[in-house]
Amino acid sequence: MIKSMRSPLLFLGCLFSLAMLSCGKDNDEPSSKSKTELLTAQVWKISTVGLDIDKNGTVDFPYPLEDCDKDDKFTFKTGGTGIADQGTLKCDPADPQTTDFTWAFKSNETILNVSIPNSLLTGDMTIKTLDASTLETYIDVVDPDTQANVRLHIKLIH
């Protein structure tokens with residue numbers, strides 16, 4: 001009886017090992033994509049925006065996003081162009097539905113330069129995270145109310 005159970009257990013053990021190896025292979029694939037491939041793969045939406053007053057990497061004051069901001073879409077195309085879409089809900093009905101923008105990587109792909117007319121998402125943004133589901137950046141700006149230098153954190157997701 002023990003001998004007859006050994007073969008099925010060995011088979012199941014081999015099958016489990018193969019499954020684990022194939023799972024590991026799937027996890028390695030996203031890391032092999034270039035930053036351009038990750039950025040241009042899908043449409044991005046704003047997840048969170050906030051201020052890091054002391055620039056320590058932690059958002060001190062989250063910016064409350066309205067529903068009309070949450071449905072905005074950003075499509076980065078290869079070649080350094082893109083489209084910002086207001087989504088279904090527009091904060092200002094007079095705003096255009098879509099706006100063309102440009103983008104480029106700088107400093108060995110650690111900086112994302114974006115130029116979207118009339119948007120906070122403009123300038124040299126340091127990339128904190130860029131993977132298959134998240135683009136997290138920050139940019140140093142001057143707070144218009146206090147004139148203090150602060151860090152604006154912007155997180156986009158798919």
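**Notebook: salt bridges, core and confidence**

I started with the charged pairs and found that the structure holds 3 salt bridges. A reminder to myself: this is a predicted model.

Entry 1, Asp124 and Lys106. I looked up the gap between these two and got 3.2 Å for the closest N and O atoms of the salt bridge. The pair ties together distant parts of the chain, since Asp124 lies in strand S7 and Lys106 in strand S5, 18 residues apart. Then I checked how open the two ends are. Asp124 is partly exposed at 38% relative accessibility, and Lys106 is partly exposed as well, at 36%.

Is Glu136 buried or exposed? Glu136 has a relative accessible area of 18%, so it counts as buried, the cut-off being under 20%. Lys128, at 43%, is partly exposed.

Arg151 is buried at 15% relative accessibility, whereas Asp140 is partly exposed at 44%.

I counted 3 helices and 9 strands. Along the sequence they run α-α-β-β-α-β-β-β-β-β-β-β. Of the contacts between residues at least 6 apart in sequence, 39% join residues at least 24 apart.

Which residues have the most contacts inside the largest nonpolar core? I noted Leu39, Trp44, Phe74, Phe76, Trp103, Leu112 and Val114, in a core of 23 residues. Among the elements that each supply at least two residues of this core are helix H2 (35-40), strand S1 (44-52) and strand S9 (149-157).

The accessible surface of the chain is about 10,300 Å², with 57% belonging to carbon and sulfur atoms. Of the 158 residues, 28% count as buried.

The chain averages a pLDDT of 82, and 79% of the residues score at least 70. Where does pLDDT stay under 50? I found that stretch at residues 1-30, for which the model has 1 contact beyond four places in sequence.

Conventions: Residues numbered from 1 in each chain as written. Predicted model: local features only at pLDDT ≥ 70, side-chain atom pairs only at ≥ 80, totals over all residues. Heavy atoms only, no water. Helix = DSSP H or I, 4+ residues; strand = E, 2+ residues; numbered from the N terminus. Buried < 20%, exposed > 50% of the residue type's maximum accessible area, 1.4 Å probe, protein only. Contact = heavy atoms within 4.5 Å. Areas by Shrake-Rupley, 256 points an atom, 1.4 Å probe, with all protein chains shown as cover. pLDDT = per-residue confidence, 0-100. Core = buried A, V, L, I, M, F, W, Y, C linked by side-chain atoms within 4.5 Å. Salt bridge = Lys/Arg side-chain N within 4 Å of Asp/Glu carboxyl O.
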